[in-house]
Amino acid sequence: MCGVVGILGCSTVNQSIYDALTVLQHRGQDAAGIVTIDEQNRFRLRKANGLVKDVFQEHHMQRLQGKLGIGHVRYPTAGSSSPSEAQPFYVNSPYGIALAHNGNLTNTDELSKKVFELARRHINTNSDSEVLLNIFASELDQFPTYPLTADNIFNAIANLHKIIKGAYACVAMIIGHGLVAFRDPYGIRPLVIGRRVLDNQQIEYMVASESVALDVLDFEFVRDVAPGEAIYITQDGQFYSQQCSDNPQYYPCIFEYVYFARPDSLMNGVSVYQSRILMGQKLGNKIAREWKDVDIDVVIPIPETSCDAALEIARILNKPYRQGFVKNRYVGRTFIMPGQATRKLSVRRKLNANRIEFEGKNVLLVDDSIVRGTTSEKILEMVRSVGAKKVYLASAAPEIRHPNVYGIDMAVASELIAFNRTVEEIAKEIGADKLIFQDLTDLIDSIREENPDIHHFECSVFDGKYITEDVDDNYLSLLEQKRNSNTLGLFINKESENLEIYNEDQ
């Protein structure tokens, strides 16, 4: 999962992109990057591993000049944690194109081969985003005219939709032209557009992964970029949009609402906050029905994504709601940390149990989801160590039994705690006295209640149905082999993690 932002402004946009990336930091903590186009029509790039606040120092920001720029925060799914995989990527031909991508392509190997054999373009990293950029560049290279027209750009993206498969929400810049944004035909990954009218009536435009990035910069939320749609905004502010897919369908990723998105974001016409409240109501009603004889003294969320749901569960069960954990806010989200060992070590550094809320009590813990079970197991051990009598666990999401291939770091089924296990076996594995999961139909209804026009969601981690129809057991097996190979490479090349990626802006 990653976060992207693009801004076409009337003055230097470096600080605005930086500020937007800081509020999208929850979408990726592995690397960050910004590229701008300066007055001499040159790319100015800074990207490296680390948090936004650490990657960009004052001297970097001073050199990121220009009224047009894009930014990216990353955590690794395809590829690795190597600094060379940080985004945005750029190519010099044609024109000069830079691109940042949120999602994951499912036919990367095939595309890499084609882009070399047919377009003579070399791919220098393991990143599917670099492949995507080179295909986009190759499609634009088919038009001999200069400058490109809006129709040229939209035709290139229409061709791109026919070639690539998977999930992608992209922002791009073309030197001498302007800002481009597009979304895959299923709308799996989110992308929104906003605008800001200045006192002199000039208009600035912004695209981002979540609406909260618009809010912090006082951009007006206009709408979501539709599945399959492309946006092109010229350097002088002319706005164009066009549907570029023959058969666009809404299949947004349901896990965005469960875990990834900030609660103050509006995504696909749905308030993330309100959807989580409704998740809590649905789960609370299920607990009331199925656990009538379970003696619960207190309801405590595992912070922070589950807090809204836990509050509703406590209300429905008529039990006290307490904040039993103190969170160290200077430790990253363990789910998106690369490496199982890193996740295990960070749990106790991230959370501490307040003994007074647990000692001698039967506790219902509420979490947004249970992925690998590593965090859950450690948290339950912690809760018992401070004197809890019974520890029950409720998940606001169903059992995650299948890998994700569309940009979430769940690529290997055997790493998932629910893979080939019953609910009772999962409970035993993580040390819960009882365990309950949300029903998938209830989870879907929690989100559709806010926007009934969304008839389907991308739910593959729960139901194993992959909407791009190119994912089978053989594909998943190859993906697991590649992932294991990349993990080994991370250990072998550990020292390379301290490298930084610069151009002249070092």
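Author: Helices here are DSSP runs of H or I with at least four residues, strands are runs of E with at least two, and both are numbered from the N terminus. Counted that way, the chain has 16 helices and 22 strands. This is a predicted model, where local features need pLDDT of at least 70, side-chain atom pairs count only at pLDDT 80 or more, and totals for chains, interfaces and linings use all residues. Residues are numbered from 1 along each chain as its sequence is written, and side-chain values use heavy atoms, with hydrogens and water left out.

Reader: How do you know that the chain agrees with a compact globule?

Author: We use the radius of gyration over C-alpha atoms, and the globule rule is 2.2 Å times the number of residues to the power 0.38. For 506 residues the rule gives a value near 23 Å, and the chain has 23 Å, so the two agree. The C-alpha atoms fill a box of roughly 75 × 50 × 45 Å along the principal axes.

Reader: Why is His161 called buried?

Author: Buried means under 20% relative accessible area, exposed means over 50%, and partly exposed lies in between (1.4 Å probe, protein chains only). His161 has 10%, so it counts as buried. Across the chain, 59% of the 506 residues get that label too.

Reader: What does His161 touch?

Author: His161 sits in helix H6, residues 150-163. If we leave out residues up to four places away in sequence, His161 is in contact (heavy atoms within 4.5 Å) with Tyr168, Arg183, Asp184, Pro185, Gly228, Cys244 and Ser245.

Reader: Why is Lys53 called exposed, and why is Asp54 called partly exposed?

Author: Lys53 has 51% relative accessibility, so it counts as exposed. Asp54 has 43%, so it is partly exposed.

Reader: How do you know that Glu429 and Arg421 form a salt bridge?

Author: Their closest N and O atoms are 3.9 Å apart, so this pair passes the 4 Å limit. Glu429, at 43%, counts as partly exposed, and so does Arg421, at 27%. Elsewhere, Arg27, Arg189, Glu210 and Glu256 are linked in a network of salt bridges.

Note on methods
Salt bridge = Lys/Arg side-chain N within 4 Å of Asp/Glu carboxyl O.
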